[in-house]
Amino acid sequence: MNNKNNIKKRPARLRSTKSLRSLNSELALDTKDLICPIFIKKGRNIKNEVESMPDIYQFSLDMVFYEIEYLLNHNIDKFILFGITDKKDEFGSDALSDSGIIQKSLKEIKKRFPEILLITDLCMCEYTSHGHCGILNDGKLDNDETLKHIQKQAVSHADFGADIIAPSGMIDNGVKHVRLALDSNNHKNIPIMSYSAKFASNFYGPFRYAAESSPQHGDRKSYQMSYENRKEAIKEVQLDIEEGADIIMVKPALSFLDIIRDVKNTVNLPVAAYNVSGEYSMVKAASKLNWIDEAKVRHEILTSIKRAGADMIITYFTKSFAESLK
Ligand code: PBG
């Protein structure tokens, strides 16, 4: 008899064996979606573990080559570069130098590994003596002066071989100005991955040790967004799209999964998420104490970011995730 009320609903049927669970799985993590951050420092023979980020290193360029080769052998071919300099000044001049750390790295890495994808973080905080993401005027970030600087920095990165430029300073009209500068300097085809929805987060602490980029006074709340704000994130994203962004980023990822989903539902562009340093270091610390299983938690975290809507993920877990597949 076809009496609907007698049919018991049993969603667990599709969970009863490993192969049924696999058949029923809605998404799979793939190394192709992961972007590995790399910190590069001037000097030779340097491989310094970052105290606040176990298993993450500051490399000198000669040591980076080994790391990249290793990662390529584990199917990781996308990197975002962060440069660390000891030549800091008020204006972040070293960011523009032809012999700057990013410029040299782009050139030398591309020479050895022409097929890989190199993204550059476009920001001034690693180069300014005050550690802020732009030029200061009366102690405050001068948005429009900063635009001129990041235009030059973007062109320099593209000249030296960057495949994607990622403005990360939350500078108003930044994407537009970077696009104009790239277009008028023979780089029409270099995409912009904009840190569009970047929040003034407390999860960046460990990175600032790694990149030696902590603000020497104050905080970044006058340019990065407040984490209460959801609609403002969409506004920033829409502005960046109008200004010519090719890829939209949400950062951080874990406390902002709702924002990733909002953005994914709103835009037709690829969405990137940055699983930031604090999110990484919390897992490393808890697993060191045997309070959680690092590999399983890593998998769950990366899956949740993808499920929220990220098409690509910048994460310090890239290497260990790739190793776990071998
Ligand atoms: C800015 C930049 C920061 C991060 C990436 N690019 C730091 C900041 O805004 O203070 C943080 C990434 C992380 O925490 O992993 N150059």
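I began with Q224 and the ligand. A side-chain N or O atom of Q224 is 2.9 Å from an oxygen atom of the ligand. The model is predicted, so I take each distance as a value computed from that model. Next I looked up S277. Its side chain places an N or O atom 2.7 Å from a ligand oxygen. Then I turned to Y316. A polar atom of the Y316 side chain lies 2.6 Å from an oxygen atom of the ligand. On its own the ligand has 400 Å² of accessible area, and the protein covers 100% of that.

**Ligand shell.** How many residues surround the ligand? I noted 19. The closest are R208, R220, K251, S277 and Y316. I sorted the shell by class. Ten of its residues are nonpolar, three are polar and six are charged. I then asked which elements supply them. Strand 9, residues 193-198, gives at least two residues to the shell. Helix 6, residues 205-210, also gives at least two. Last, I looked at the space itself. The ligand takes up the largest cavity.

**The K251 to P252 bond.** K251 is one of the residues closest to the ligand, and I followed the chain onward from there. Is the peptide bond from K251 to P252 cis or trans? I found it cis, with omega near -10 degrees. Most peptide bonds are trans, which is why I made a separate note of this one. P252 belongs to the loop between strand 10 (247-251) and helix 8 (257-266).

I looked up P215 next. The loop between helix 6 and helix 7 (231-243) holds P215. Is P215 buried or exposed? Its relative accessibility is 16%, so P215 counts as buried. I then compared sequence and space. C125 is 90 residues away from P215 in sequence, yet their C-alpha atoms are 7.6 Å apart. I150 and P215 are 65 residues apart along the chain, and their C-alpha atoms are separated by 18 Å.

**I150.** I stayed with I150 for its own entry. I150 sits in helix 4, which spans residues 143-159. I150 counts as buried because its relative accessibility is 4%.

**S60.** Where is S60 placed? I found S60 in strand 3, residues 53-60. S60 has a relative accessibility of 0%, so S60 is buried. I checked its side chain for partners. The side chains of S60 and D62 make a polar contact at 2.5 Å.

**Positive phi.** I finished with backbone angles. Most residues other than glycine have a negative phi.

N45 came up in my search. Its phi is near 60 degrees, a positive value in a residue other than glycine. N45 lies in the loop between strand 1 (34-41) and strand 2 (47-50). Is N45 buried or exposed? N45 has a relative accessible area of 60%, so I recorded N45 as exposed.

N186 was my last entry. N186 is not a glycine, but its phi is positive, about 70 degrees. I placed N186 in the loop between helix 5 (174-183) and strand 9. Strand 9 is also one of the elements that supply the ligand shell. With a relative accessible area of 75%, N186 is exposed.

Notes:
Residues numbered from 1 in each chain as written. Predicted model: local features only at pLDDT ≥ 70, side-chain atom pairs only at ≥ 80, totals over all residues. Heavy atoms only, no water. Near = heavy atom within 4 Å. Polar contact = N/O pair within 3.5 Å; in protein donor to acceptor, adjacent residues only side chain to side chain. Areas by Shrake-Rupley, 256 points an atom, 1.4 Å probe, with all protein chains shown as cover. 1 Å grid on protein atoms, 1.4 Å probe; cavity = no way out; pocket = protein on both sides within 12 Å on 5 of 7 lines; lining within 4 Å. Sits in = over half its atoms within 2 Å of the grid points. Helix = DSSP H or I, 4+ residues; strand = E, 2+ residues; numbered from the N terminus. Nonpolar A, V, L, I, M, F, W, Y, C, P; charged D, E, K, R; others polar. Buried < 20%, exposed > 50% of the residue type's maximum accessible area, 1.4 Å probe, protein only.
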